[in-house]
Amino acid sequence: MKFVGLRGYSRYSDTKSLSLDEINNLEDVAVTLNRVRDGDEIVEVCRKIKHEHVILNELYAIASVSKSKKVTVSVGMNATNNLDLEFYRELGAHAVVIPPELNYEVESFQKKGLKIEVFGRAFVEMFYKGRCQLSAYASGKSVKKSGVCNMECAKKWDVVYSGKKICETDFKPELTVYDVQADYVKHETRQIKGEGVIENGADSKHSQS
Amino acid sequence: MELTANIPNLESMSECSIKPYDSIYLGMPYCWEYEGNLIAGGDDLSSAIELLHVMGKNAYVSTFAVPRNKDLKRVFRAIDLAAEMSDGIEANNLGVMRYVTKEYPDMKVIAGGLANVYTASTAELLYSIGVSRIVPAYELSIEDIEKIKETGVEVEVVVHGKVPVGIGHECFLKKFSSAVGKECPKICREEMFFRSEDLVLKPFGHATLSGKDICMYEHIDKLKFADAFRIEAVTERIGYRERIGRIYRNLIERGFSRSDFEELRSISENGFANGYYFNKAGQIYIPG
C-alpha cells in the first residue's frame with residue numbers, strides 16, 4: 001500500500017504532497033493528515049476523501065473518522081505502551097504506528113485486534129517523532145502546525161557543562177534500517193521522494209520498497 | 001488564581017520553597033534515575049504528600065512522561081498511592097491518562113504540557129472522559145489556549161521557567177558522561193547546556209528544555225483567563241523555586257514591581273523568552 005500526504009494537512013513539504021483531487025484520482029492509497037488542525041476540520045476533509053484508509057494525528061478526529069474509515073494513529077501521537085493501544089482501540093482505530101526507537105520491544109505490545117505498524121526504515125531523530133518543537137522554538141517554523149522544519153538539530157552545538165565547553169555535537173537524523181516484523185512495515189522515504197511505501201508484512205513478495 | 005510549581009524529590013522540599021505556592025506537582029517526569037525521584041518508588045512520595053497537606057497545599061503527583069511497557073509497573077505503583085493520598089494526578093501520556101480516568105473516576109486528572117493537546121476538539125474529548133485540567137501544548141498561542149478554555153476544562157499555563165522543546169528516547173546527559181567524567185545520576189547535579197549561536201538548550205533526562213526562561217511577568221494580564229499559573233522548576237537549582245514563586249505571588253496579590261522584575265532577570269542565566277504565546281519563535285522575548 002502507498003500512502004500520500006494531503007496538501008495543507010500533512011507534515012513536511014507542501015511541494016511534495018498532493019491536492020484532494022489528485023488523491024481522489026489515485027487508486028489504493030492511504031491518506032496522511034498529520035499536521036495539527038482542529039478535529040472538526042479534519043473530519044470534514046476526511047469525508048471528501050474517497051479512500052477508506054487515513055492516517056491521523058488528532059484525538060477527536062481519530063475517534064470520529066474511525067466510525068466510517070480505517071484510521072491509523074500517526075507516529076506523531078507517540079504511542080509507547082499498551083495503555084496507549086488500549087485507548088486507541090477504545091476510540092475505534094484500525095492501527096497504531098509505534099516509534100522506531102521501540103522496534104526492539106514491539107513484541108511487548110498487546111494488539112487485541114488492533115494492527116501495529118512499525119518503521120522498517122526510518123530517520124531516527126533527536127526526539128520522538130511528533131514530540132519535537134525545536135524548530136518552532138528556534139525559528140518559529142513549526143512541524144506540527146505548518147509542516148515545516150528548520151532542522152536546527154543538524155547544527156553544530158557546543159556542549160557546555162558546569163560553565164565549560166567540553167565538546168561539540170550535532171543531532172542529525174540518522175537513516176536506520178530495522179529487521180522488524182509487524183502487521184504493517186513502513187519504509188520512510190520522505191526525504192527521498194514524495195511518496196512513502198507501506199508493504200503488507202515485512203517479508204511480502206509484493207513489496208514496492 | 002492557583003499558583004503551582006513542581007518538585008522532583010524530598011531534598012528539594014524546603015518550607016520556603018513551597019510557601020508561595022497553592023499546589024505542588026511531585027516527582028521528576030523526565031527521568032526515573034534522578035536521585036530521590038518521588039515517583040520512582042519508596043516511601044518518599046507519601047511523606048511528601050503528607051508534608052504538603054500539613055502546610056495546607058494541594059499535592060498533585062506527576063507521572064513519567066514517556067512510559068514504555070517495561071515502565072508501567074512503576075507508573076501503576078505511583079498512581080495507586082496518588083489516588084489514595086493526593087489531590088490530583090498529572091499525566092503526559094494519553095494511555096496513562098485514560099487509565100486513571102477509568103480506574104479512579106473521582107480523581108482530578110491533569111493533562112500535562114507534553115500530552116500534545118493542541119486543539120479545542122482534543123481538549124473537549126479529554127474533558128468528556130474525565131480529564132479536568134489541561135496544560136496546553138507549549139507551542140500554542142494565547143488565542144489557541146483561549147479556545148481550549150472555552151470547552152469548559154480548567155487550563156493551567158506556564159508563566160515562568162524552562163519548557164520542554166522535545167522529548168526523546170534517551171538522556172543526552174548520559175551521552176556525554178565520559179567527556180564530563182561523571183556517571184548517571186551524578187551527572188545532572190550540575191547544569192549542561194547545548195549552545196549554537198544565540199540558541200541555548202538544556203538537556204535533562206528524556207527531555208530537552210528551552211535554555212531561556214519563559215517569562216510572562218510583564219504580560220500576566222493576557223493570561224488571566226487561565227485557572228492556574230505554573231512555575232516550571234523541576235530541573236532547577238536550590239533557591240530558584242522559592243525566589244520565582246515569591247515574585248509571582250507578589251504579582252498576583254500586589255501587581256507589577258520593577259524591582260521584582262529586575263530580580264527575575266538576575267536569576268535567569270540565559271535570558272528570557274515568551275515561548276509561543278505571541279505566535280513567534282519560542283525563544284524571542286517581547287517586552288511588555
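User: Which residue in S11(B) stands opposite B:Ile167?

Analyst: This is a predicted model. In it, B:Ala207 of S11(B) stands opposite B:Ile167. The strands concerned are S8 (residues 164-167) and S11 (residues 207-210) of chain B, which run antiparallel and are joined by three bridges.

User: How many bridges pair strand S10 of chain B with S11(B)?

Analyst: Four, in the antiparallel sense, with S10 covering residues 199-204. B:Leu201 has B:Ser210 in S11(B) as its bridge partner. S10(B) and S11(B) form a hairpin with two residues between the strands, and B:Gly205 there takes a positive phi near 60°.

User: What describes two packed helices?

Analyst: The angle between their axes and the distance between the axes. Take helix H4 (residues 82-91) of chain A and helix H4 (residues 94-103) of chain B: their axes come within 7 Å and cross at roughly 70°. H4(A) and H4(B) are therefore roughly perpendicular to each other.

User: Which residues of H4(A) and H4(B) meet?

Analyst: From H4(A), A:Leu83, A:Asp84, A:Phe87, A:Tyr88 and A:Glu90. From H4(B), B:Leu94, B:Gly95, B:Val96, B:Arg98, B:Tyr99 and B:Lys102. Six residues of this contact are nonpolar, one is polar and four are charged.

User: Which members of the largest nonpolar core touch the most other members?

Analyst: The general idea first. Nonpolar side chains tend to be buried together in soluble globular proteins. Here the largest nonpolar core has 163 residues, and A:Leu33, A:Leu56, A:Tyr88, B:Leu26 and B:Tyr248 touch the most other members.

User: Beyond its neighbours within four places in sequence, what is A:Leu56 in contact with?

Analyst: Its contacts include A:Leu33, A:Ile42, A:Cys46, A:Ile62, A:Val65 and A:Met77.

Key:
Residues numbered from 1 in each chain as written. Chains lettered and ligands numbered in written order. Predicted model: local features only at pLDDT ≥ 70, side-chain atom pairs only at ≥ 80, totals over all residues. Heavy atoms only, no water. Core = buried A, V, L, I, M, F, W, Y, C linked by side-chain atoms within 4.5 Å. Buried < 20%, exposed > 50% of the residue type's maximum accessible area, 1.4 Å probe, protein only. Contact = heavy atoms within 4.5 Å. Axes fitted to C-alpha atoms, helices over the stretch in contact; angles between N-to-C directions. Parallel < 35°, antiparallel > 145°, perpendicular 65-115°, else oblique. Nonpolar A, V, L, I, M, F, W, Y, C, P; charged D, E, K, R; others polar. Pairing = 2+ DSSP bridges.
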